[in-house]
Amino acid sequence: MADLITKWATEVAESELAAELPRRWAHTQGVAERATEVRGLLGEHSALLVAAATLHDIGYAPRLAVTGFHPLDGARFLRDEHGADERLVRLVANHSFALLEAEERGLRDELASEFPLLEEPLLVDALVYCDMTTTPDGAGTSARERIAEIISRYGADSVVGRFIRRAAPEILSSVQRVETALAAQPR
């Protein structure tokens with residue numbers, strides 16, 4: 001079953017991103033690779049993490065960009081066109097503190113009412129960790145470097161720049177919690 005959901009997620013993400021957004025696809029593959037590396041933290045939920053990591057940026061696909069806010073567009077696509085698992089859809093909708101960006105965009109109530117936050121802190125933190133320790137090209141990086149790269153790419157005063165500066169303390173805390181959990185794992 002776990003193999004089926006990750007295979008499906010990869011097929012869907014590749015079909016929507018690889019040809020039109022190859023750099024986004026590279027990032028997606030890197031995030032999925034990080035999820036595979038940390039899945040031992042999540043036990044029975046490891047396949048859900050890998051699937052969410054693989055699909056987290058699906059809303060960037062040009063044909064799916066309805067609102068222009070990729071977490072919301074991606075979650076709606078997964079729910080409406082694929083009937084995806086509710087937890088998966090909610091992880092995609094809320095990945096990497098998307099609610100804060102939704103607020104910047106005037107979409108907070110819409111995102112929160114359609115896709116409530118999951119009450120599974122380690123799973124949520126693990127997805128943040130995977131996303132925020134992966135460069136746009138799919139390589140590993142630190143969360144601090146990733147935040148700086150996002151600000152540099154979008155500009156400090158852009159919607160994304162304002163969001164990422166607001167989210168930075170939460171992102172760094174999530175990444176630290178996962179790094180601490182990984183360090184406590186038996187070798």
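## Exercises on pockets and core

The lining of the second largest pocket comprises 10 nonpolar, 5 polar and 7 charged residues. The model is predicted.

**Exercise 1.** Describe the second largest pocket by volume, central residues and contributing helices.

Solution.
- Step 1: the volume is about 260 Å³.
- Step 2: the lining has 22 residues, and Tyr-60, His-70, Glu-101, Val-160 and Phe-163 lie nearest the centre.
- Step 3: at least two lining residues each come from α2 (22-38), α4 (70-82), α6, α8, α9 (143-154) and α10.
- Step 4: α9 gives the most, with 4 residues.

**Exercise 2.** Do the corresponding analysis for the largest pocket, and state which helix supplies the largest share of its lining.

Solution.
- Step 1: about 320 Å³ of space lies in this pocket.
- Step 2: 18 residues line the largest pocket, with Asn-94, Phe-97, Leu-117, Leu-118 and Val-124 closest to its centre.
- Step 3: α5 (86-94), α6 (98-104), α8 (121-132) and α10 each supply at least two residues.
- Step 4: the largest share, 5 residues, is from α8.
- Step 5: by class, the lining holds 10 nonpolar, 4 polar and 4 charged residues.

**Exercise 3.** In the largest nonpolar core, identify the residues that touch the most other members, then list the contacts of Leu-55.

Solution.
- Step 1: the core contains 57 residues, and Leu-55 and Leu-111 touch the most other members.
- Step 2: helix α10 (residues 159-183) gives the most to this core, with 8 residues.
- Step 3: leaving out residues up to four places away in sequence, Leu-55 touches Trp-8, Ala-9, Val-12, Ala-13, Leu-78, Leu-88 and Val-92.

How values were computed. Residues are numbered from 1 along each chain as its sequence is written. This is a predicted model: local features need pLDDT of at least 70, side-chain atom pairs count only at pLDDT 80 or more; totals for chains, interfaces and linings use all residues. Side-chain values use heavy atoms; hydrogens and water are left out. A nonpolar core is a set of buried Ala, Val, Leu, Ile, Met, Phe, Trp, Tyr and Cys residues joined through side-chain atoms within 4.5 Å. Buried means under 20% relative accessible area, exposed over 50%, partly exposed in between (1.4 Å probe, protein chains only). Contact means heavy atoms within 4.5 Å. On a 1 Å grid over the protein atoms alone, a cavity is a set of points where a 1.4 Å probe fits but cannot get out, and a pocket is an open set with protein on both sides within 12 Å along at least five of seven lines; lining residues have an atom within 4 Å of a point. Grid points are joined across faces, edges and corners, and a volume is the space filled by probe spheres set on the points. Ala, Val, Leu, Ile, Met, Phe, Trp, Tyr, Cys and Pro count as nonpolar, Asp, Glu, Lys and Arg as charged, and the others, Gly among them, as polar.
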